[in-house]
Amino acid sequence: AEYNDLQSVRRLFDTNAGQVACVMVEPVAGNMGCIPPADGFLSGLRDACTQHGALLIFDEVMTGFRVAPGGAQQRYGVMPDLTTLGKIGPVYQAGTLSGNPLATAAGTAMLSYLHDHPEVYQQLEERGRQLDDGWATLIQTRGYPLTWNRVGSMGSLFFSTDPVTSWESAARSDRDAFTRYFSEMLDLGIYLAPSPFEAAFLSAAHTASDIKRTLEAANFVLERMYRK
């Protein structure tokens, strides 16, 4: 099925009656860049799963505790049957830092801090809006062929003038342009995710001046890229 295409999900239910055990989804896509759910998409999944007796599973490894204290399900008001937040529990785990006790202790401390300091989320929203305003200005006044998506402290810049709402539209973005942009931003001391399909994450450590510097660097790089 296609992300943000509720009809494609309903067709699969209809053509596989009684055979669909679950629907798994990133409520905010983060592995094809940051792509928000369309209005009604998550609630439509909830209704379809309930109607057909299937589980709705949210993969909140990226969005959990990030886009809201209760993750995307809190932000969008849609309750899944199961939620994936990471690899935990008394099972064999292979992988870098999997089950690492120091990382686990740090995570517990972080969650306790967020519980006691909910203002962190407001701060992240303010930084996110600063990015929204900055990118809107650059795109509208400079005419750069870009699309900016953001949900909470997640965001992605796509080298495309079309709205990016799915993998199909994300894949149409200019990857070569992104590669040059990434490299030149790195030369200016701005370290971005190295793939056009990896979401960027704001943190509480980022200041207003950090955002301002990032936007100024982006304008410098984009001006060089699109100079007539």
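Serine 173 has a relative accessibility of 7%, so this residue counts as buried in what is a predicted model. Its place in the chain is the loop that joins α6 (167–171) to α7 (175–187). Leaving aside residues up to four places away in sequence, serine 173 touches Phe158, Phe159, Ser160 and Phe197.

One of those contacts, Phe159, leads us to the aromatic residues. Together with Phe178 and Tyr181, Phe159 forms one aromatic cluster. The structure holds 8 aromatic pairs. Let us look at the pair of tyrosine 3 and phenylalanine 41: the ring centres are 5.2 Å apart and the planes meet at 70 degrees, so the pair is edge-to-face. This pair links distant parts of the chain, with tyrosine 3 in the segment before α1 (6–15) and phenylalanine 41 in helix α2 (residues 41–52), 38 residues apart. Both tyrosine 3 and phenylalanine 41 are buried. Another ring, that of phenylalanine 201, has arginine 66 over its face, at 3.7 Å from the ring centre.

Now follow helix α5, which runs over residues 119–142. From first C-alpha to last, its 24 residues reach 34 Å, close to the 34 Å expected at 1.5 Å a residue. The buried residues of α5 include Val120, Leu124, Gly128, Leu131, Trp135 and Leu138. As a reminder, residues three or four places apart in an α-helix point the same way, because there are 3.6 residues a turn. The cover over the buried residues of α5 includes the helices α3 (71–76), α4 (101–116), α7 and α8 (208–226), along with the strands β4 (147–151) and β5 (154–158). Just after α5 comes glycine 143, with a positive phi of about 75 degrees.

Methods:
Residues numbered from 1 in each chain as written. Predicted model: local features only at pLDDT ≥ 70, side-chain atom pairs only at ≥ 80, totals over all residues. Heavy atoms only, no water. Phe/Tyr/Trp six-rings, centres within 6.5 Å; stacked < 30°, edge-to-face > 60°. Helix = DSSP H or I, 4+ residues; strand = E, 2+ residues; numbered from the N terminus. Buried < 20%, exposed > 50% of the residue type's maximum accessible area, 1.4 Å probe, protein only. Lys NZ or Arg CZ within 6 Å of the ring centre and 35° of its normal. Contact = heavy atoms within 4.5 Å. Expected span 1.5 Å × (residues − 1).
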